[in-house]
Amino acid sequence: MTRGKSRREQLSRLRNNLNPLYVATEKPRRPAAHRLPGAPNPLPGEVFSSWHWRIQTFLRLPTKVLQAALGVDALPYWIDTGACRLDIERMAYAVMHTTKSLEALTWPQSSMLSDPHYCCLTTTPLRRRPIVRYCEICLRTDPVPYIRTLWRIACAYLCPTHGVVLRELCPSCHQPFELPRYKPNQSSRQLRRCHACGADLCDVESSALPEDLRYLVLARQAELLQLVAGKSHLLEVWPELRTQEAYCFGSEASGLIDMGTEQNVRMLFAHVLNARFRQTKQTVGQSKRTLNSYLLKISVRERGGKASTLPVALDGTKVFGKHALTVCKHLVGRQDLWGGTHWWPVEYMRFMLPSDVFNAKDFAAAATWSAKFAQLARGRN
Ligand SMILES: [Zn+2]
Ligand SMILES: [Zn+2]
């Protein structure tokens, strides 16, 4: 053994003894040799990318080091969709949590969200970015702010807990919301700050839809979520649907249920939705066909010149029918919620805002974006 090598080994041993959190940067050999004591537990309804960011921040780990310890190499927002195969046991060993708590961080591999053809359900292919929304009241009241699974889906328009419109853009600089880039010394509160301008994302007045529209949008949101996610996972991301089982409607002395109270209306809504879901027995094939009819598709040329269609967004006019433009006015006009749903017929594209005009180049880029997703998904098999 050379003198230099022996010195390097001594140093490496010393470093390991001094810092129990030290994780070697080379690829770990199976079984996972590195553990991350103190890794925070996933929070209720939390999505993988949010948990990944919180571990980094809490343990002060550079991305590569954390990815090596968890055995993942895709971008966290692609992992959220369930498209990448994860070694859950290895991850559970590394962070010392149960496999069950980690499985809930991503959508199931069997769901449509992990199918590359439907990447418009969790990303906006024409803008080539993931969908990440937030509810300012949820973030403001969270003891530790975090991103919910529901906020990563194109058909999540309203917060089911607070009934307010979800946001996609920073209220101050109007940049799309995304998880802040990891920096040593940042705290978990940083998630409430805009990644671009640093403004407090919760320092803004909430926007609620007029009551009739609110229940229309919530109902459509529930229906679409049921189609993409299936009932079991829907209840995980929307726990309020279960609460009606334990809740008694507040009633007046006359015995009539008072529908003037907000809470009673919400409970009735959850009750009706839940009853409907119990009756629906759609197969996966039927769900796909129904959802397909709500999507806006563009023609693209695949590599090799073969023509095909690519869904790029939900079609607002098909989802909300005659109410589409009223809903759009409230969601987009007042609240900066613009991705994931296309509100105008394709032929009107050229009349729209400059940022909403797309051309053949954008279409080709969208196809490449979804092909990248497909590549990841292929890697899982
Ligand atoms: Zn909320
Ligand atoms: Zn900003």
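Colleague: Which residue of β5 stands opposite Leu314?
Modeller: This is a predicted model. β4 covers residues 307-315, and β5 covers 341-342. Across from Leu314, the residue in β5 is Thr341.

Colleague: In what order do the three strands of the open sheet stand?
Modeller: Strands pair through backbone hydrogen bonds, either parallel or antiparallel. Here β3 and β4 run antiparallel, whereas β4 and β5 run parallel. The pairing is therefore mixed, with β3 and β5 each holding a single partner strand at an edge. The order is β3-β4-β5.

Colleague: Why is one side of β3 left without a neighbour in the sheet?
Modeller: β3 spans 295-301. Seven bridges join β3 to β4. One side of β3 has no neighbour because β3 stands at the edge, with a single partner strand.

Colleague: Which residue in β4 stands opposite Arg301?
Modeller: β3 and β4 run antiparallel. Opposite Arg301 stands Ala307.

Colleague: Against which helices do the buried residues of α3 pack?
Modeller: Helix α3 takes in residues 63-70. Leu66, Ala68, Ala69 and Leu70 are buried there. Just after α3, Gly71 has a positive phi of about 75 degrees. The packing partners of those buried residues are α2 (48-59) and α5 (88-95).

Colleague: Is Thr368 buried or exposed?
Modeller: Thr368 lies in helix α15, residues 360-379. A residue with 12 or fewer C-beta neighbours within 10 Å falls in one class. Thr368 has 12 inside 10 Å, so Thr368 counts as exposed.

Colleague: How many Å apart in space are Thr368 and Arg128, C-alpha to C-alpha?
Modeller: Thr368 belongs to α15. In sequence, Thr368 and Arg128 are 240 residues apart. In space, C-alpha to C-alpha, their separation is 9.4 Å.

Technical notes. Residues numbered from 1 in each chain as written. Chains lettered and ligands numbered in written order. Predicted model: local features only at pLDDT ≥ 70, side-chain atom pairs only at ≥ 80, totals over all residues. Pairing = 2+ DSSP bridges. Helix = DSSP H or I, 4+ residues; strand = E, 2+ residues; numbered from the N terminus. Buried ≥ 20, exposed ≤ 12 C-beta atoms within 10 Å, placed from the backbone. Contact = placed C-beta atoms within 7 Å.
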